[in-house]
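Here is a short report on helix packing and salt bridges. Keep the model open while reading.

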Amino acid sequence: MACNQGGVMTDVRKSRTRFNNIWPATFLFPAEEALAHRLAKHNLVSIFLPAQLTHVEDHGFHSLLAHCIDALDYLPLRPDFAFDQIWKALDAEFFRLVEVSAETNGQSRFSVFAARIASDSTCSRSHFVLAPYIPLQTCEFFAKRLLDSTADPNEHSEQFVKRVKAALGSSLLADIHAKYDANWLQPSRRAETQRKLGGLLKLIIGGQNVTLGGNAYQLSPPEVARLLIGTVLPQFRNERFHGSVRPPFRSSSATLKTYAHSYFLLVYAYALICEVFLYREFGVLSIQGGVDTTNANLHGLMQVLGDQESA
């Protein structure tokens, strides 16, 4: 098995060198070929499709839309880069909201935004439907970050833990660390521990009732949204931005579940930008239009990569 993995790694490295040397000619790497095959099987060009928007001349709207249409240039093969463009629009809105809010009570910009879309009557809250479909791989990445926040903290860990605690609550977070930290410190048990905690987080984010440390916990949809907006989505963006991980789709470890992870976060982020379009009353999208867009993108994700959700 190890020998075979080494052979795959060498093949991918050779492919990277060849890709560099023959450019501007191009070819697909194995994970890219696998996605292209899935799309062709379902007669689709892309998993993701943008909302149909009414044209307006509003400058604020077009500042956000410019990032959204840049995202489309990276699809279907680079949903991670497409996510980055949507995140730029969202992050600009996060900061704007904090600036115009009368009182934020020291909340993070993510919490201010989550509170706004949870309470505004003009929002569709279509993102609530997505949480139960979060891929296990996404939850495993989150689990690693959570366990490392105490075992191997960095300069970002304090703020990360603060946001997690605000969403999960002190008691649940303490019970998670009590159950999983000791095993995480044993190298031979790390993979098993990450997967087990990832599985638990998938249940929690899916809104299910869980028992841990003798206590029962269940997050409400707004609490789940706060967790995703304040921790999972920023983590996905920050790790790549700071170079903590290699570009995912041209590595020896890339698989279709790597695509499921990135596409889920793209679809979730886009559902959030649709909420922005609604509560800012640009007049470009109806509440039902937001719901329909999110449902269509969820359907596309499940149709093409649904078998990767728990892989």
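## Helix packing

Helix axes are lines fitted to C-alpha atoms over the stretch in contact, and angles run from 0 to 180 degrees between N-to-C directions. The model is predicted. In it, helix H6 (residues 136–151) packs against helix H9 (residues 190–205). The angle is about 115° and the axes lie 7 Å apart. H6 and H9 are therefore roughly perpendicular to each other. Their crossing is right-handed.

H6 contributes residues including Leu 136, Phe 141, Phe 142 and Leu 147 to the contact. Among those from H9 are Arg 190, Leu 197, Gly 198, Gly 199 and Ile 205. The contact residues of H6 with H9 comprise 11 nonpolar, 4 polar and 6 charged.

## Salt bridges within the chain

The structure holds 13 salt bridges. One of them joins Glu 93 to Arg 96, with the closest N and O atoms 2.9 Å apart. Both residues sit in helix H4 (residues 79–100), 3 residues apart, about one turn of the helix. Glu 93 is buried at 1% relative accessibility. Arg 96 is partly exposed at 27%.

Asp 120 and Arg 116 also form a salt bridge, at 2.9 Å from N to O. Asp 120 counts as buried, at 14% relative accessibility. Arg 116 counts as partly exposed, at 28%.

## A link to H9

Glu 309 pairs with Lys 202 in a salt bridge, the closest N and O atoms being 2.8 Å apart. Glu 309 lies in the segment after helix H12 (287–305) and Lys 202 lies in H9, so the pair ties together parts 107 residues apart in sequence. Glu 309 is buried at 16% relative accessibility. Lys 202 is buried at 13%.

Methods: Residues are numbered from 1 along each chain as its sequence is written. This is a predicted model: local features need pLDDT of at least 70, side-chain atom pairs count only at pLDDT 80 or more; totals for chains, interfaces and linings use all residues. Side-chain values use heavy atoms; hydrogens and water are left out. Helices (H or I, at least four residues) and strands (E, at least two) are DSSP runs, numbered from the N terminus. Angles under 35 degrees count as roughly parallel, over 145 as roughly antiparallel, 65 to 115 as roughly perpendicular and the rest as oblique. A crossing is left-handed if the near helix is turned anticlockwise from the far one by less than a right angle, and right-handed if clockwise. Contact means heavy atoms within 4.5 Å. Ala, Val, Leu, Ile, Met, Phe, Trp, Tyr, Cys and Pro count as nonpolar, Asp, Glu, Lys and Arg as charged, and the others, Gly among them, as polar. A salt bridge is a side-chain nitrogen of Lys or Arg within 4 Å of a carboxyl oxygen of Asp or Glu. Buried means under 20% relative accessible area, exposed over 50%, partly exposed in between (1.4 Å probe, protein chains only).
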